[in-house]
Amino acid sequence: MAAPSRHDRPPPDRPSAAGLGDRLGPARTRDRIRLGWLVFTLGLLAVLLGAAAAPREVRGPVVLAAATLLPGYPLVARLPVDLASLLALQVCVSLALEAAGAFLLVQIRFWHPQAFGLTVVGLGVAGTLVVLRLLGQERP
Amino acid sequence: MGPVVTGTRAPSATPPSDGPFRQRRTGLLAWGVLVLAAALWAASLATTDAGNLREWGLIPALTWPYWVALVLVLAGAIGLSQADRVRHRPLLAHLAVLVAMLYATAPALEQAPRYTYTYKHIAITQYIELYGSVDKSIDIYHRWPGFFSLSAWFSQTSGVLDPTSYAAWAELYFAALDALVVWAAVQVVSRSTRTAWQATLLFTVSNWVGQDYYSPQAFGYLLMLGVLLACLLALRARPGPVGSWVERRVVSAFRVRAPLRTAAVSELDRGTVATVVALAVLLDAVLAASHQLTPYVLLLQLGALVVGGYVRPWWVLLAASLATIGYLVPNYDFVVNTFGILTSADPLANATSKTVDGSPVLALRLIGDLALLSLLTCFTACFVGLVRRARRGLVGDAVLVGTLAFTPVLTLVAQNYGGEARLRVFLYALPWLCIGVSWAWAPVGETLEGLRLLLPAGMTVGLSICFVAFFFGREDINQLTAQEVGAAAYLFDPAYVQPGAVVMLTSPNFPARYGPLYFRLARADLPALSYDRFGERPLLFPTEQDVEAAARIIEKENGNGGYLVFSRAQESFARDYQLYPSFALRAFEGAVAHSTRFKLVYDQPAARVYKLVP
């Protein structure tokens, strides 16, 4: 039998502690993998819709969802924290990375948003695939 | 022995005693209520006319299905959060629908993004889209362009080139993300998902400040919550000497019999801690480049936690300080010369400073009173909750949350932030206040029964009423029509208006900056009104003399052409703040229209622009 994943250990707070204890434990590997595939799909979809010059009503929400979730996922996906914290950090880190990149482009007067967008998606999707592979190996 | 809870049921690790049939019935009922509420909300959107709003804004305009839907969602969410078993999916769905009902209703009903100040943010984004850079000599926004760069990048990559078309939905976007981060943070601090749901519900219905709109503040607030979440997750430690001293004082002051050492201490391994710290520093650095005030409030909160020993190591504070102050240094002279670092050392003056001339009508005064009531209720109930939590032995939790909730008040020692300081303090404190409020009725996350349920229900409904009053009750002022935005576009279009022109507003509340070329006008917010005087005398029965007074004020600016603007939102503002006697503004426009000094150049029912004839 495979050893349990480090993400599948029980939550740190036991119910015995002053009647508390329904804090979520570290996110299950299965949930991390599902989130990873969602992020991967969104990234690919964003690129495809961009390449096809899809109407902005379709492309806008997809790019927004991808930008909200994507570049942060590979960085936080393996942190042994609960799913809500993981998702919250993922969103903040994704937006912060994109803001940092866009800020840099503006400051150095090298404004190529499409190229930066492709870089973000490319690195994000590649990182997501690596993380998904690692998570797959961890899965009991 | 664990804490004794009377009149309540302490949470238990064992499954609830409900049978499967009752559980299924409860679940079906919750989903049924939610579907009905969503359908009613959709019906209300189809039947509400948001045109011709007056005092109380959207409140009288929203049709009955909206209010029924709101009551159903609130009842469902309160009921689910007090149920024996915490059902995450229906609670999540209720919260999502509630967020949509509160934050998506106005954009769904209106033609253009609300708040005139949204447009100056849109203008900076459009500038970056056009020029691919910033010009620090223009204004302060070009010196803190983190959010605008992000938004310009999104506009270009998504194909939605004009931010005006999506800015209205920023409130929904940021409110939803804030709720996610708040839920996660509350859960980490309280170690109770029930408290997390209750506090997030309270946060959603208390966040009437209206800072989730398309702005660096909204983005900065999200990042700030992210930094605090990261620190609480990875760097939480047992209190140091200062924290222990404070806890001993709390034990003694509130006669805590058996303090418990149950504070959640980070159990993450060193590699994970290093990763989370690096991410927190990244978030803080981006925050420092995006908003002027938020990083300093974060430093206050983080500093207080580090001094208390609740967050370690101390150099995290140093890293955050370096990012924040390091970004300020090259902009210091500009800030000092333009705004000043310290407004006043009098906290009371900073908290009560006035931003608007005139005397608000009764409706606005009542709305302001309700907002103040909400603020005071949250602070008071939070204090009660912290005391109750401490008296159950969880002193460390109470001190930690109290530190986060009350340190933003220190901002008042230095700044009035353009008259908005008290609102900002409330905003920064709110997530932590909501934890304290939920502890007021359930200090260890227990469920309530019978009449005791009235407390959370009454509090949530009461705060929701305050939210609705403040958030929708001023919509006649906050709303902008497409015609008014069209007037702004006209004024900032070089094809119609020469660079260096001056625009006079008959009342505040018009987009004073619009489009990427907004900086080309000499002044776009020249006020016609100075305190209670229009030009040289009160505007009572407007005559040619008043028209001439307005023309002279414009000419004094030596601009390259002058314009006078009348719009629906300005008229609403003037009416609600009683800047002019009733109908004086319309009479004045009549005088302007008949005068030879001005010529009508933009004419729409909701906005007119008159050009000064030289």
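Is Gln578(B) buried, partly exposed or exposed? I looked this up in what is a predicted model, and Gln578(B) counts as partly exposed because it has 15 C-beta neighbours inside 10 Å. Gln578(B) lies in the loop between α24 (568–576) and α25 (584–594) of chain B.

**Other backbone entries**

I noted a positive phi in chain A as well, where Arg109(A), a residue other than glycine, has a value near 55°. Arg109(A) sits in the loop between α4 and α5 of chain A, and I record it as exposed because it has 10 C-beta neighbours inside 10 Å. I also checked the peptide bond from Arg312(B) to Pro313(B), which is cis, with omega near 5°; Pro313(B) belongs to the loop between α13 (294–308) and α14 (315–328) of chain B.

**Chain A and its confidence**

For chain A I count 5 helices and 0 strands, and along the sequence the pattern reads α-α-α-α-α. Of the 140 residues in chain A, 49% are buried, and among contacts with a separation of 6 or more, 61% are between residues 24 or more positions apart.

The mean pLDDT of chain A is 86, with 84% of its residues at 70 or more. Among the elements of chain A, the mean pLDDT is lowest in α5(A), at 94, and highest in α4(A), at 97. Residues 1–19 of chain A, however, have pLDDT below 50, and this stretch still makes 43 contacts in the model beyond near neighbours in sequence.

**Where A touches B**

I then turned to the contact between the chains, which takes 44 residues from chain A and 60 residues from chain B. On the chain A side, α2 (56–69), α4 (83–107) and α5 (113–138) each supply at least two residues, and the largest share, 16 residues, comes from α4(A). By class, this side of chain A has 30 nonpolar, 7 polar and 7 charged residues.

Does the length of helix α3 (residues 88–103) of chain B agree or disagree with what 1.5 Å a residue should give? It agrees, because the 16 residues should span 22 Å and the end C-alpha atoms are 22 Å apart. Buried residues in α3(B) include Leu91(B), Leu95(B), Leu98(B) and Leu102(B).

I followed Leu98(B) to Leu70(B), 28 residues away along the chain, and found their C-alpha atoms separated by 7.4 Å. Leu70(B) is in helix α2 (residues 64–82) of chain B, and I list it as buried because 24 other C-beta atoms lie within 10 Å.

**An open sheet in chain B**

In chain B I traced 5 strands forming an open sheet in the order β4-β3-β7-β9-β8, with mixed pairing. At the edges stand β4 (523–527) and β8 (598–604), each with a single partner strand, so one side of each has no neighbour in the sheet. Neighbouring strands are turned against each other by 25° on average, direction ignored.

At one pairing, strand β3 (residues 502–505) runs parallel to β4(B) and is joined to it by 3 bridges, and Val502(B) stands opposite Arg523(B) in β4(B). Helix α23 (residues 544–556) of chain B lies across β3, β4, β7 (562–567) and β9 (607–612), running at about 145° to β3(B).

Definitions and conventions:
Residues are numbered from 1 along each chain as its sequence is written. Chains are lettered from A and ligands numbered from 1 in the order in which they are written. This is a predicted model: local features need pLDDT of at least 70, side-chain atom pairs count only at pLDDT 80 or more; totals for chains, interfaces and linings use all residues. Helices (H or I, at least four residues) and strands (E, at least two) are DSSP runs, numbered from the N terminus. A residue is buried if 20 or more other C-beta atoms lie within 10 Å of its own, exposed if 12 or fewer, and partly exposed in between; C-beta atoms are placed from the backbone. Two residues are in contact if their C-beta atoms, placed from the backbone, lie within 7 Å. Ala, Val, Leu, Ile, Met, Phe, Trp, Tyr, Cys and Pro count as nonpolar, Asp, Glu, Lys and Arg as charged, and the others, Gly among them, as polar. The expected span of a helix is 1.5 Å times one less than its number of residues. Two strands pair if DSSP finds at least two bridges between them. Axes are lines fitted to C-alpha atoms, for helices over the stretch in contact, and angles run from 0 to 180 degrees between N-to-C directions. pLDDT is the predictor's confidence in each residue, from 0 to 100.
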